[in-house]
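User: I would like to go through this structure and check each label against its rule. Please give the cut-offs as we go.

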Amino acid sequence: MDYVSALVPPIVMATFFIFLVRTIVKSQGGANKAKEDAAVDAVLARAEAAQQQN
């Protein structure tokens with residue numbers, strides 16, 4: 001169970017970092033807004049899929 005307690009803090013920090021980046025990107029405007037939003041959504045989808053596999 002030590003490996004679980006060793007992995008939880010980085011996973012939690014990564015999740016919060018992803019949401020922070022998503023918030024920053026979503027708050028930006030301009031011509032590339034849709035492309036940036038799609039990139040963030042793709043990263044979130046990959047992170048959620050990886051988390052569900054574990």
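User: How many salt bridges does the count come to by the rule?

Analyst: The count comes to one salt bridge, the rule being a side-chain nitrogen of Lys or Arg within 4 Å of a carboxyl oxygen of Asp or Glu. This is a predicted model, in which local features need pLDDT of at least 70, side-chain atom pairs count only at pLDDT 80 or more, and totals for chains, interfaces and linings use all residues. Residues are numbered from 1 along each chain as its sequence is written, and side-chain values use heavy atoms, with hydrogens and water left out.

User: What makes R22 and D41 a salt bridge?

Analyst: The closest N and O atoms of R22 and D41 are 3.8 Å apart, and the limit is 4 Å. The pair links distant parts of the chain, 19 residues apart, with R22 in helix α1 and D41 in helix α2. Helices here are DSSP runs (H or I, at least four residues), numbered from the N terminus.

User: How do you know that the span of α1 agrees with its 26 residues?

Analyst: The expected span is 1.5 Å times one less than the number of residues. For α1 that should be 38 Å, and its end C-alpha atoms are 39 Å apart, so the two agree.

User: Which residues outside its sequence neighbourhood does I18 contact?

Analyst: Leaving aside neighbours within four places in sequence, I18 is in contact (heavy atoms within 4.5 Å) with L44 and A47. I18 is placed in helix α1, residues 2-27. The C-alpha atoms of I18 and E48 are separated by 11 Å, at 30 residues apart along the chain.

Note on methods. Helices (H or I, at least four residues) and strands (E, at least two) are DSSP runs, numbered from the N terminus.
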